[in-house]
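This report concerns one protein model with its ligands. The sequence and structure are shown first.

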Amino acid sequence: MQIKVPASSANLGPGFDSIGVAISLYLTIDVLEETDHWVVDHDLGDLPRDEKNMIVASALKIKPDLAPRHLRVESDIPLAHGLGSSSSAIVGGIELADKLGGMHLAPHEKIELASQLEGHPDNVAPTILGSLVVVCKVNGHFTAVKAPVPPFAMIAYIPAYNLKTSDARAVLPKELSFKDAVQASAVANTAVAALFAQDYEKAGELMEADLFHERYRSKLVPELEIIRNVGHSHGAVATYLSGAGPTVMSLVDPQHISDFIDAVREAGLKDEIRRLEVAPRGAYWL
Ligand SMILES: Nc1ncnc2c1ncn2[C@@H]1O[C@H](COP(=O)(O)OP(=O)(O)OP(=O)(O)O)[C@@H](O)[C@H]1O
Ligand SMILES: N[C@@H](CCO)C(=O)O
């Protein structure tokens with residue numbers, strides 16, 4: 001048995017903590033034989049290989065009596081790079097608990113549990129549902145709505161340095177004034193309306209007009225402004241900080257991908273560039 005869990009890219013500009021999109025990088029968990037203690041084989045550096053591994057720890061938080069297994073984990077999601085690796089690990093754990101523990105969780109229950117473990121729902125909701133998702137918590141419950149899939153390539157510029165989510169959240173202000181909060185939400189609301197109307201010219205402009213987080217984080221990720229400027233003249237409809245960064249994501253018209261990537265290189269940016277797509281399907285079993 002195998003679980004495939006997509007990565008995710010959160011925020012899309014002004015959708016801070018409330019919009020995310022599943023993308024075509026995967027965490028793959030092979031569920032092998034029952035054992036007397038949890039064993040996690042992987043090639044992901046220092047991550048734990050026992051029940052402290054985030055996948056297993058997440059499963060045990062929601063199903064403490066789950067029988068131990070041997071797991072083999074592979075992942076092409078870079079850690080601490082704003083591509084939702086922790087959310088994918090948590091969702092993988094929830095899938096384990098759900099299937100092996102016979103829980104029969106509905107998607108909204110998985111979102112609720114995963115959001116509690118992750119702290120915010122914008123990565124876990126698309127990782128569970130697939131595609132582009134807008135999500136919020138009201139009266140203790142999460143409501144998630146899937147948006148149309150934008151018809152663009154997702155081009156990820158992945159800087160070599162790590163940026164922990166906790167460090168990228170530490171630079172955010174503790175409070176926004178009422179006036180600033182109203183303006184920031186107005187931008188976000190109109191961006192969401194444009195995404196649902198599939199008016200990507202307006203959506204792109206508004207995705208680049210975030211007032212919640214990017215202006216505070218851009219000093220941590222100087223590549224954001226450089227790539228955004230390149231995108232304006234080389235076929236990107238929008239460029240934003242993916243999750244907490246440092247990955248910078250651009251939505252690019254498929255016919256302009258090579259031109260866009262060449263221009264990013266000409267701007268002197270030498271780190272990894274991945275051509276990704278929206279993953280239409282959330283976590284699933286094979
Ligand atoms: N496959 C995995 N197995 C176990 N733990 C993992 C796995 N993937 C990620 N993690 C844990 O998640 C941590 C990274 O979480 P962090 O929130 O800093 O970054 P991210 O989820 O990659 O980025 P973002 O939330 O900005 O999209 C890793 O240091 C590790 O502890
Ligand atoms: N919305 C979150 C995503 C990272 O987990 C942030 O930007 O901090």
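## Basis of the model

The model is predicted, local features need pLDDT of at least 70, side-chain atom pairs count only at pLDDT 80 or more, and totals for chains, interfaces and linings use all residues. Residues are numbered from 1 along each chain as its sequence is written, while chains are lettered from A and ligands numbered from 1 in the order in which they are written.

## Domain division and contact

The protein chain is divided into domain 1 (2-147 + 280-285) and domain 2 (153-276), with bounds that come from an automatic or database domain assignment. Their C-alpha centres are 24 Å apart. The contact between them involves 21 residues of domain 1 and 31 residues of domain 2, two residues being in contact if their C-beta atoms, placed from the backbone, lie within 7 Å.

On the side of domain 1 that touches domain 2, strand E1 (2-10), strand E2 (19-34) and strand E5 (132-138) are the elements that give two or more residues. Helices (H or I, at least four residues) and strands (E, at least two) are DSSP runs, numbered from the N terminus. E2 provides the largest share of that side, 3 residues. By class, the side comprises 12 nonpolar, 9 polar and no charged residues; Ala, Val, Leu, Ile, Met, Phe, Trp, Tyr, Cys and Pro count as nonpolar, Asp, Glu, Lys and Arg as charged, and the others, Gly among them, as polar.

## Annotated region

For residues 57-130, UniProt lists "domain: GHMP kinase N-terminal" in an unreviewed entry. UniProt positions are given in the numbering used here, feature names are shortened, and annotations may be inferred rather than shown by experiment. Over residues 57-130, the chain is 54% helix and 9% strand, and the end C-alpha atoms are 23 Å apart.

## Surroundings of ligand 1

Ligand 1 is surrounded by 24 residues, of which Met54, Ser85, Ser86, Gly243 and Ala244 are the closest. A residue is near a molecule or strand if its C-beta atom, placed from the backbone, lies within 6 Å of it. The shell contains 12 nonpolar, 11 polar and 1 charged residues.

Helix H1 (54-62), strand E4 (69-75) and helix H2 (85-100) each supply at least two residues of this shell, and H2 gives the most, with 4 residues. Domain 1 and domain 2 each contribute at least three residues to the shell around ligand 1.

Strand E9 (residues 248-252) is mostly covered, with 5 of its 5 residues buried; a residue is buried if 20 or more other C-beta atoms lie within 10 Å of its own, C-beta atoms being placed from the backbone. Val248, Ser250 and Val252 are buried on one side of E9, and Met249 and Leu251 are buried on the other.

E9 runs antiparallel to strand E7 (residues 153-158), to which 5 bridges join it, and antiparallel to strand E8 (residues 236-241), also through 5 bridges. Two strands pair if DSSP finds at least two bridges between them. Valine 248 of E9 is the bridge partner of tyrosine 157 and of leucine 241. The hairpin of E8 and E9 has 6 residues between the strands, and glycine 243 there takes a positive phi near 55°.

Conventions
Buried ≥ 20, exposed ≤ 12 C-beta atoms within 10 Å, placed from the backbone.
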